[in-house]
Amino acid sequence: QSMDSHPEQIALRSKEFFRTYDIEVLTEMQVAAVDIKNKIAVCKDGFKMEYNKLLIATGNTPKALSCKGKEVENVFNIRTPEDANRVVKLATSKNVVIVGASFLGMEVAAYLAERAHSVSVVELEEVPFKKFFGERVGRAVMIPPGGNRVKFYMQTEVSELREQEGKLKEVVLKSGKVLRADVCVVGVGAVPATGFLKQSGINIDSKGFIVVNKMMQTNIPGVFAAGDAVTFPLALRNNKKVNVPHWQMAHMHGRIAALNMLAHGMEISTVPYLWTAMFGKSIRYAGHGEGFDDVVIQGDLDELKFVAFYTK
C-alpha cells in the first residue's frame, strides 16, 4: 500500500511482454458503443474495430460528492498512480480530509497519518466497514494500536467545500463542524462503468452490472465480461449472483474468461479473498459475507490479533 509507487512498479505486465506476444495495446481510446449484430466496437472518435470475441472489463467509476464547491482544486478521487503521487506531495505536512471510511479512505488515512500535519475522516456510518466486518471489528480497526493520529467524524457528511484563491481551504460538515483542509480525498463508493452498453443488447442489471454466467459469458455469444463491472454466480453461495470488486477476483475472472474465449470450457469456482493493510496491520478476508447474523471472535481484538467468523 504505497502511494508513491510509479506505474512501471505495479504494472502486471511489462511493455516487452506485449511486444513479445504481439498484443496491440491502444491507450487513451474510449469505446462508445458495441454493435453486437455486426461484431464491432465503436470508439468515441469514430474508429471501429471488428471482433470475433469481446471481453468487457471496464471496471467502475467513482461516485462524486454532490455538495457545494465540489469543483474546487485539490479534491481527488484516487484512480491512478499519478493521482496517488500528487496527493502524497500535496498532503505532506498539510491538513487532509478524507470523505468515506471505505477501504480506499482508510488505507489513504493510514498512509498519510505519518506524513500529513492532520488527517480527518468523515463517514456517514457510525463505524468503518460495518456492513463488511461488523461493528466490533470495524471499531477495532478505527482505533489503531499506538495512538490516534487520525480523527474520525462519524455519522455526518460534507455540506460544503470552501476555497481560497481557487484552492481548497475548508471542509464544512452537516454537523456544523469546519475542518481545515489543503487536500481532500473522496472515497464514497463507485458505480460500474457500463453506461456505453445501455443500447447494446448485452444484459445489464438494475444497478448497472454486466450479468455473466460461470464461464464469464454475457447473454450474447462471443461477448465476455470480467472484473468490478460484473455480477457472476458464486459457487460457495449456491450460485447467487454477486459483485466482488477485488483484485484477486478480477485476476481470476480474466483467466476464466480467456480460457472460455479459447473454448476450454472452464467454470469459475474460486473463493473470494482480499487483504488490506492499514496502521501497520494487515487484515485478510476470505469468503463472501453479504449480511451475517453473528460474528464469532477468537483472539485479541484490541491487539488486532484475532480471527472473526461471520455466520448465518
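**Salt bridges**

I looked up a network of salt bridges first: Lys 68, Glu 160, Arg 162 and Glu 170 are linked in it. I counted a salt bridge where a side-chain nitrogen of Lys or Arg lies within 4 Å of a carboxyl oxygen of Asp or Glu. The model is predicted, so I note that local features need pLDDT of at least 70 and side-chain atom pairs pLDDT 80 or more, while totals for chains, interfaces and linings use all residues. Residues are numbered from 1 along each chain as its sequence is written, and side-chain values use heavy atoms, with hydrogens and water left out.

By this rule I get 11 salt bridges. One of them joins the side chains of Arg 149 and Glu 114, at 3.0 Å from N to O. Arg 149 sits in the loop between helix H6 (135-142) and strand E9 (150-154), and Glu 114 in the loop between helix H4 (103-113) and strand E8 (118-123), so the pair ties together parts 35 residues apart in sequence. Helices (H or I, at least four residues) and strands (E, at least two) are DSSP runs, numbered from the N terminus.

I checked the exposure of both partners, taking buried as under 20% relative accessible area, exposed as over 50% and partly exposed as in between (1.4 Å probe, protein chains only). Arg 149 is partly exposed at 39%, and Glu 114 is exposed at 59%.

I then looked up Glu 125 and Lys 131, which form a salt bridge with the closest N and O atoms 3.4 Å apart. Glu 125 is partly exposed at 30%; Lys 131 is exposed at 67%. Lys 130 and Glu 126 meet in a salt bridge at 2.8 Å, N to O. Lys 130 is partly exposed at 25%, and Glu 126 is partly exposed at 31%.

**Domains 2 and 3**

I took the domain bounds from an automatic or database domain assignment: domain 1 (7-60 + 191-262), domain 2 (62-190) and domain 3 (274-311). The centres of domain 2 and domain 3, over C-alpha atoms, are 23 Å apart. I find 18 residues of domain 2 in contact with 15 residues of domain 3, contact being heavy atoms within 4.5 Å. The area buried between these two domains is about 1,600 Å², with 78% from carbon and sulfur atoms. Buried area here is the accessible area (1.4 Å probe) that two parts lose on being put together, summed over both.
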